[in-house]
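Trainee: Could we go through this model one feature at a time? I would like the terms defined as we go.

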Amino acid sequence: VLASGLSRGGFVELSSADELRHADLSKVRGAFSLLLDPKNITVGTVAQASGWSYAAIIGAGYSGNAGLDVNESLFSEGSSFNTDGETLSELSLALSADAKRLALGLPSDNGYNGTSTASGAVRLFSFTDGSFGGCALESTIGRGYTGGKNVALSAGQASTNYRFGYSVALSSDARTLAVGVPGDLGSGVPQASYGAVRLFKFSDDRFSSVSQQFVVGKGYSGAGSLNLGAFLDADNFGSSVSLALNGRLLAVGAPGDSGAGNGIGGMGAAHLFSFSDDAFGGASHEAVVGVAYSSHPSFLLKGKNLDITGWGSTDAFGTSVAMSEDGRMLAIGAPGDDSPWDYSSSYYDSGAAYLFSFGGDNFSSGVWQGVLGLGYGWGKSVSINAAANHRFGSALSFSRDGKVLGVGSPGAG
């Protein structure tokens, strides 16, 4: 495909009603923008794809060379792997840079022996190679899980409907884990679904002993915590998380955010944090990306906030977040976005992904670069082929160098 034009390259879309198993992207030349829009996707060159095969399945009843059986001895009744009355759509996952470590969030987990409804859990797996060989369950973090490398959480860390594990992120070396807890009720404050993020530092890359824990949320104080105070108000903070710089940078989505001062509607927001070392030292709330945060005198932080315009009250901005490994590129999903053409119900919840870059360290010199979504055309924006209820932007993932961005669109196809 030759897509070069007189002034700049054009737009190329590769679509499939089912699975796009591979596409030789080197054959797409001169394109300014490229959209891959199948129902399921596995991308690589023809030579690479010729040797691909499904490596393994982790789930109930799977075993043998290509599977790990997560049976009742490993997953308590009521976890998302026991599909009776549960949903698999809420699973979250994260891989280390070498693909040898996996964190799997199960927000519907009811704790060991089903004693705490939807308190949530995270399972940690290891592989012996980069092709998912030798899969082993190393640890479980949740209510009532003890023994071995397991981490038993208290009621204050994961109680009924806290949904611990709704989102997860691993640092590139797998020694830092971020877990979103959007149902967290805060500490010492009137109860509401403020949300929180809990951070874990492991002594090695096999999820051995937890050497440090840290919490970001509302009302938390003392060592090992960062209190966001008035920034949170039933925001479902922690619905999405992303780590960069080997765990020293953290982005957190809060899709229930109603703007600075909570007076603008539920467009959503994303909060950006930094740490000065690998043990959560020097925790700093660097910036907020949302509505009116750069002008409201009570929420200015360090002057790095970025404001979004053209928002809608049900955009769910912050449902997903993703960063490049150096933290200089940030994508934020808004699956409830109705496109600039929102005068028609044909575009409701078509969805969008917002793109930002930073020119300096710790989220400094931020610039809103554009939007991927139906009808967007300014700056570096790309208008995509989407329709009502596609919810484009529900999930995001950057390659480490930030040159490739995957965007989930669960309503398409």
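**Strands, rings and burial**

Mentor: Six bridges join strand 16 (residues 249–254) to strand 17 (residues 269–274), and the two run antiparallel. Strands are DSSP runs of E with at least two residues, helices are runs of H or I with at least four, and both are numbered from the N terminus. Two strands pair if DSSP finds at least two bridges between them. The model is predicted: local features need pLDDT of at least 70, side-chain atom pairs count only at pLDDT 80 or more, and totals for chains, interfaces and linings use all residues. Residues are numbered from 1 along each chain as its sequence is written, and side-chain values use heavy atoms, with hydrogens and water left out.

Trainee: Which residue in strand 17 stands opposite Ala 251?

Mentor: Strand 17 covers residues 269–274 and is joined to strand 16. The residue of strand 17 opposite Ala 251 is Leu 272.

Trainee: Phe 164 and Phe 200 form an aromatic pair; what is the angle between the planes?

Mentor: A pair of aromatic rings is described by the distance of the centres and the angle of the planes. Rings of Phe, Tyr and Trp (its six-membered ring) pair if their centres lie within 6.5 Å; planes under 30 degrees apart count as stacked, over 60 as edge-to-face and the rest as tilted. Among the 16 aromatic pairs of the structure, Phe 164 and Phe 200 are edge-to-face at 6.2 Å centre to centre, with a plane angle of 90 degrees.

Trainee: Is Phe 164 buried or exposed?

Mentor: Buried means under 20% relative accessible area, exposed over 50%, and partly exposed in between (1.4 Å probe, protein chains only). Phe 200 has a value of 0% and is buried. At 0% relative accessibility, Phe 164 also counts as buried.

Trainee: The charged end of Lys 201 sits over the ring of which residue?

Mentor: A charge sits over a ring if NZ of Lys or CZ of Arg is within 6 Å of the ring centre and within 35 degrees of the ring normal. For Lys 201 the distance to the ring centre is 5.9 Å. The ring belongs to Phe 280.

Trainee: What does Gly 130 touch, not counting residues up to four places away in sequence?

Mentor: Gly 130 is in the loop between strand 7 (121–126) and strand 8 (136–143), and at 46% relative accessibility it counts as partly exposed. Its C-alpha atom is separated by 5.4 Å from that of Ala 99, 31 residues apart along the chain. With contact meaning heavy atoms within 4.5 Å, Gly 130 touches Asp 98, Ala 99 and Lys 100.

Trainee: How many strands does the protein chain have?

Mentor: Of the 413 residues, 49% count as buried. The secondary structure comes to one helix and 25 strands.
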